[in-house]
Amino acid sequence: MTFFKKFFKDIVSKRDSEEDDSFQVTHKKPEFHGTIAPYPNFNPRKDVIFLEEAINSRNVDEDTIISVLVQRSNEQRQEIKRAFEADTGKSLADELKSELRSHLEDVVLALLMTPAQYDAFIIRKATKGFGTNEDVIVEVLASRTNQQIRELQEAFKEEYGQTMEEVIDSETDGDFALALHAMLKANKNEGHIVDLALAKKDARELFEAGEEHKDIDISVFIDILTTRSGPQLTQTFKHYSKISDVNLPKALDMELRGDIEDCLIDIVKCSWSKPAFFAERLHKAMEGHGTCEDTLMRVLVGRSEVDLKKIISEFKLMYGKTLQQCILDDTKGHLEKILLGLCGPN
């Protein structure tokens, strides 16, 4: 099942109760949907010994390195880094970088960064050198919380000596740049109250700015899609489908082209379901000939302590096979082992 088949099925199958002007989305105590949890009886000094022995063995013991890192939370890995430097006088990242190669090196170094540092690294990689990877920039900004975006900007400035705004201005332009700047404001409503009157108003404004407008008013789309909460936008999508012959993603596809189209559609996808959005990303990385290892690494590392369990479940529902089996089919060696480790117990 493609993302949009799933999206459309959900939109048309649910009927809204409109007796009240607003309602609150059920908000329980946050559950943990990551695949990597804090390791019980954690002892950073012991892990330092394990890692030092693995690094200094005659042939680097990649299996031990993988076993330790994928079974420790990010916070615990930061403690290991500090303990390693205190005990050995060396940087753990530098030591591993000198001994590991290829994609295993990339994943290991990513695991040693804080989430904000890793997001900054991803953006830097997407904007450095010849060409810009617009999809990756949007993926990060559309899927992070306001606080995560603020922390990303701080880490980016600290690590690379530039602001995110400066990079976006130098690497992008036009409506696409406006959308990225809007997301960088980290001004999305993250509450759980859904305003039905606002959802109807927004749906009408989006319809008039797009399908009923000779020249699409992109500012209306950017403003609404980058400031409303996920539950609020979901309600807006439902109302849009009632006043239009097509759903909102289809309307965007009809009215827009290029980076801004892809950007706004990805915002819509993330607002409706981040797990489905990332499941689709992972599937595309492995379908057909060739595998995009960068996408596999980026998503599995970045979501391993957020919602990777949900992504794995969504992947199975959407594509009829497990993410783990696809990884087994498309990767090999130590990369396969560390990616499967990030997926958690099968």
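Phe-207 lies in helix 12, which spans residues 196-209. The model is predicted. Phe-207 is buried, because its relative accessible area is 10%, under the 20% cut-off.

- Beyond its neighbours within four places in sequence, Phe-207 is in contact with Glu-212, Tyr-240, Ile-243 and Ser-244.
- Phe-207 and Phe-221 are 14 residues apart in sequence.
- In space, the C-alpha atoms of Phe-207 and Phe-221 are 9.7 Å apart.

**Arg-144 in a loop**

- Arg-144 sits in the loop between helix 8 (134-143) and helix 9 (146-160).
- Is Arg-144 buried or exposed? Arg-144 is buried, since its relative accessible area is 11% and the cut-off is under 20%.
- Its side chain makes a polar contact of 2.7 Å with the side chain of Asp-119.
- A polar contact of 2.7 Å also links the side chains of Arg-144 and Ser-143.
- Not counting residues up to four places away in sequence, Arg-144 touches Asp-119, Glu-139, Ile-149, Phe-278 and Arg-303.

**Asp-266 in helix 16**

- Asp-266 is found in helix 16, which covers residues 259-272.
- Asp-266 has 6% relative accessibility and therefore counts as buried, the cut-off being under 20%.
- Which side chain makes a polar contact with that of Asp-266? The partner is Arg-281, at 3.4 Å.
- With residues up to four places away in sequence left out, Asp-266 touches Val-138, Phe-277 and Arg-281.

**Helix 11 against helix 16**

- Helix 11 (residues 174-184) packs on helix 16 (residues 259-272) at an angle of about 30 degrees.
- The axes of helix 11 and helix 16 are 8 Å apart.
- Helix 11 is therefore roughly parallel to helix 16, because angles under 35 degrees count as such.
- The crossing of helix 11 past helix 16 is left-handed.
- Helix 11 contributes Asp-175, Phe-176, Ala-179 and Met-183 to the contact.
- Helix 16 contributes Asp-259, Ile-260, Cys-263 and Ile-267.
- How many residues of each class does the contact of helix 11 with helix 16 have? The contact has six nonpolar, no polar and two charged residues.

Technical notes: Residues numbered from 1 in each chain as written. Predicted model: local features only at pLDDT ≥ 70, side-chain atom pairs only at ≥ 80, totals over all residues. Heavy atoms only, no water. Axes fitted to C-alpha atoms, helices over the stretch in contact; angles between N-to-C directions. Helix = DSSP H or I, 4+ residues; strand = E, 2+ residues; numbered from the N terminus. Parallel < 35°, antiparallel > 145°, perpendicular 65-115°, else oblique. Left-handed = near helix turned anticlockwise from the far one by under 90°. Contact = heavy atoms within 4.5 Å. Nonpolar A, V, L, I, M, F, W, Y, C, P; charged D, E, K, R; others polar. Buried < 20%, exposed > 50% of the residue type's maximum accessible area, 1.4 Å probe, protein only. Polar contact = N/O pair within 3.5 Å; in protein donor to acceptor, adjacent residues only side chain to side chain.
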